[in-house]
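Okay, thanks for making time, everyone. Let me put the structure up and walk you through it.

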There are 4 protein chains.
Amino acid sequence: MEFFKAFGITLDMAVEAHELLRGEAGVEIPGVKVTKDRQANFAVTKVQILTNQGALQLQRPKGNYITIDAPILRTPNLPAHKDIMIKLAEELKNLLPATNEQPILIVGLGNWHATPDALGPKVVDYVLVTRHLFDLKQEAVTKGFRNVAAISPGVLGITGIETVEIVKGIVEKINPALVIAIDALAAASVERICSSIQLADTGISPGSGVGNRRPGLNQEVLGVPVIAIGCPTVVNAAIIAKNTLEMFLDKFTSSKQFYQFIKTYQEGLTSLVREVLEPFSSSLTVTPK
Amino acid sequence: MEFFKAFGITLDMAVEAHELLRGEAGVEIPGVKVTKDRQANFAVTKVQILTNQGALQLQRPKGNYITIDAPILRTPNLPAHKDIMIKLAEELKNLLPATNEQPILIVGLGNWHATPDALGPKVVDYVLVTRHLFDLKQEAVTKGFRNVAAISPGVLGITGIETVEIVKGIVEKINPALVIAIDALAAASVERICSSIQLADTGISPGSGVGNRRPGLNQEVLGVPVIAIGCPTVVNAAIIAKNTLEMFLDKFTSSKQFYQFIKTYQEGLTSLVREVLEPFSSSLTVTPK
Amino acid sequence: MEFFKAFGITLDMAVEAHELLRGEAGVEIPGVKVTKDRQANFAVTKVQILTNQGALQLQRPKGNYITIDAPILRTPNLPAHKDIMIKLAEELKNLLPATNEQPILIVGLGNWHATPDALGPKVVDYVLVTRHLFDLKQEAVTKGFRNVAAISPGVLGITGIETVEIVKGIVEKINPALVIAIDALAAASVERICSSIQLADTGISPGSGVGNRRPGLNQEVLGVPVIAIGCPTVVNAAIIAKNTLEMFLDKFTSSKQFYQFIKTYQEGLTSLVREVLEPFSSSLTVTPK
Amino acid sequence: MEFFKAFGITLDMAVEAHELLRGEAGVEIPGVKVTKDRQANFAVTKVQILTNQGALQLQRPKGNYITIDAPILRTPNLPAHKDIMIKLAEELKNLLPATNEQPILIVGLGNWHATPDALGPKVVDYVLVTRHLFDLKQEAVTKGFRNVAAISPGVLGITGIETVEIVKGIVEKINPALVIAIDALAAASVERICSSIQLADTGISPGSGVGNRRPGLNQEVLGVPVIAIGCPTVVNAAIIAKNTLEMFLDKFTSSKQFYQFIKTYQEGLTSLVREVLEPFSSSLTVTPK
């Protein structure tokens, strides 16, 4: 965890924070319960943080973090994608209120001008909003539809206003039962880019997300429950560098005559880096935010 | 005015409402003061509504409505455009607070997905926001710059939330000295499309604008002064039809029999126009290619 | 037809040109065969121009013009829309070659920056292109898929190049079996906006379309068959004015004096409409909000 | 160079290929002439490849490669940016034909849907095209303006057509004096992202560019001279990993008791990675293409 702190890297995915910590500690983490379910097209990992101690360890609030890992999302395969969609809908539905008296506010976080950060606004573009139709008591929508409003608040550099100020202002006006925040995430592993989905009933903690938005969007701040849905779209380049060195050390530090060893095996360098970046072969690029 | 009411057409420009009313009445309108200033590249008409009676007559709040008419905006002519820009800046500056302690919130009204209604969001895209830099007390911006935040709240059909709710929510959070609302307007004459600019210190009245946004954005609702800047981008098709018939009548009413004939059937005019435009009722607008 | 020529208005829809001409002539037009088929959710009118005389009369090339009129497209009704989609696919399939050895080039005509003219580029955005996968002989696509390429060539004002030059250049490189040109059309009636679809096996004639693109896209020019698919998105404002006056005259011409009066001044109609629309000459169009 | 080949990484910038090769060889490269000019706000490096041997060594065609390095482009500084703009215009002008009888075709390479690859299409959006006005012999533009056409041909995955096929098709139709191809580049160093500009009179070689477009755009293929203008927007993640390891080896391989050393200095790992990524601190992210 020291490394991530040093680089100001937030581990957006609870499942990764858990893996890292458990790997470092080599023991189960008290106050955290993890269950796994592997299906044909995806695997679901549920990380439950049950106690304050667990929350402190994983550096995120108590609550439920559900990760659907589905590398098949990166290949065109409609039936598999439908499977994953149904699973996501099922898990989401469990987190929604049973009744439909108050609207649900969907918030698309991120900057629509930057591809890796535009996930939230893109999703909002596809949302069917109905709140105004519910207000008109139009029967066509009130049966079988949820009462839904949606907003893409932009980012600080575009509006000059903290996202949380905009969202809180709107929440106070329309009084939703729930906020669903959609966000692009930073993963700790390239395998998760465009292949994992994280659902959390804890909202969004300060400092997380691709754009490093500081103020959190959670029940404490907004006064209503916040479900966060996120997909990793980037990996911090420092993690690439770190993984490379770790692999290097793993492989070669057992050799006593390290210096000699290195000289002989310099070509090993290439295959090392290749292993680190394998999931996308050489199609990964590094861009400034 | 009957005709406009029949078709639910709002006269977004005070100068047009004044012309129409004065034309119909044939006398000056009490409580309304109008001054004109013609320059080489533009003309400025200031309509001041001074009394409640004047407000009632022109169907808009007391206050100042400044219209810059500049058909030269439709042809490429950089020096002339600069002239107009300077005039607009000068008139706008007169309406701004002298001090810079509180931010100014710029609101781009309208739907970014529809060209004639996208003026507000387009303008916001070009605004240099600085409020977040002022908060950091960055000297580079605090000297010579205004403290500016900006938002494009979308429209009801996209968000499910009334624009005024979103803006009021944000105003309550960031407490601006002033709101500047940018909007596409509907004109009563094709000459004004892309050639006129209206500045008003009264905010935006309910029911005006291309998208017919009902709740107003004004000091009464938001609690802070609202300056509205608008440019006509459309003309309602009913007005095209009306103008045609009026010209027709103008030309042929010298015939005596005809004059008598017409007088009897004048009320037919509205129902005629309605028939032509029926399939979309009054929701058709005329835009330049 | 005189009126349309005077305003430089092209009747993009064969069915409208036919209605107009038959109405004016009061007799069947030789060399033109028209059949109608009315279904629950749509009506299909097929205009076949069989002879050169028919082509001269309707001012468009010999060939088949299929119009699907479906006002229900303007209301949310998924099952009805699916019905219409299936009909369109069926009619389109009849016009496609049976074999799949050469690619089909889809061309999205129009300006992506202007909503009413952006139909073609929008459609291209949704097209699944496969030609590059066929070139790689990827089995996954070669079974059950067509070999498809797609381009949005932009408009003269954006590229400085005539659309036909761009398309012809590409056709000569990739040698398609067929070009399908998608275009926004100008209708003669507001009822058809966003409710009709025209399919033609004659390509696009010079001077048609919302943006008035002069050089045609047809077999004569491109050397391969061209299917045109178009949807009306605008009506010329002059038509609104004309319809108003015509209805007016229809209603009031029972008066004898008036009838005589009007007969004398009928030529005044064109100049009247021209006066109303003068500031933008004929470049104004009517669009739904 | 072995490393880059192994990862299929193209060195898009001649100046970087030269630095790398000279570094590896430790001697001047025959047939390559390099001059440097350092100014207040930028440095210009001209790499001239004079012989076939030089071309073989640097793996790019004979010709002139001009790089303007200007890290100040990343900070808001209008006067400095203007300086750089003037220098770029000056260098570009030297490469243009003196007469203006034939048009210049500007080609914006890359995918407009992906931020780091959208540079070319963005630039084309800002280009003032005049070719159609020259064809009309409009005096307003023919004096003081160049005859310019512009196109953004998209990428293979969007059109199903190789970019070179589209461009060659258009070139054959409009017969330009010159093609200017604008492209996003991949750099070998994070310092160059959004801070360097490369101008080359050799066109674009096969396989270069962010999107790895295979067929080249050069005089051999198009039959007219091609100037390439590129700006680095990405760095391949493999380079990050490689740089990390190289630094590591540089620092620690002199130590005999390497194993012991490593155990003690494990915290050095963090500072190492920090050094590699310093130019953007931790704001670099890794994304799949």
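Before I get to symmetry, one definition: copies are superposed by least squares on the C-alpha atoms of residues with pLDDT of at least 70 in both, and pLDDT is the predictor's confidence in each residue, from 0 to 100. With that, a rotation of 180° with 0.0 Å of shift along its axis puts chain C on chain D, at an RMSD of 0.1 Å. The two copies are therefore related as by a two-fold rotation axis. Which C-alpha of chain C is nearest the axis? That would be C:Gly169, 1.9 Å from it. Both copies use the same surface, too: 100% of the contact residues of chain C recur in chain D, where contact means heavy atoms within 4.5 Å.

Now the housekeeping. This is a predicted model, so to speak of local features we need pLDDT of at least 70, and side-chain atom pairs count only at pLDDT 80 or more, while totals for chains, interfaces and linings use all residues. Residues are numbered from 1 along each chain as its sequence is written, chains are lettered from A and ligands numbered from 1 in the order in which they are written, and side-chain values use heavy atoms, with hydrogens and water left out.

On confidence, the model scores ipTM 0.84 and pTM 0.85. Chain A averages a pLDDT of 83, and 77% of its residues score at least 70. Residues 263-267 of chain A are below 50, and beyond near neighbours in sequence that stretch has zero contacts in the model. Where pLDDT is low, the predicted coordinates should not be read in detail.

Next, the fold of chain A. There are 13 helices and nine strands; those are DSSP runs, helices being H or I with at least four residues and strands E with at least two, numbered from the N terminus. Of its 289 residues, 55% count as buried, meaning under 20% relative accessible area, with exposed over 50% and partly exposed in between (1.4 Å probe, protein chains only). Among contacts in chain A with a separation of 6 or more, 68% are between residues 24 or more positions apart.

A:Gln59 is not a glycine, yet has a positive phi of about 55°. A:Gln59 sits in the loop between helix H3 (52-58) and strand S3 (63-69) of chain A, and is partly exposed at 47% relative accessibility. D:Cys194, also not a glycine, has a positive phi of about 55°. Its loop runs between strands S6 (178-187) and S7 (196-200) of chain D, and D:Cys194 is partly exposed at 41%.
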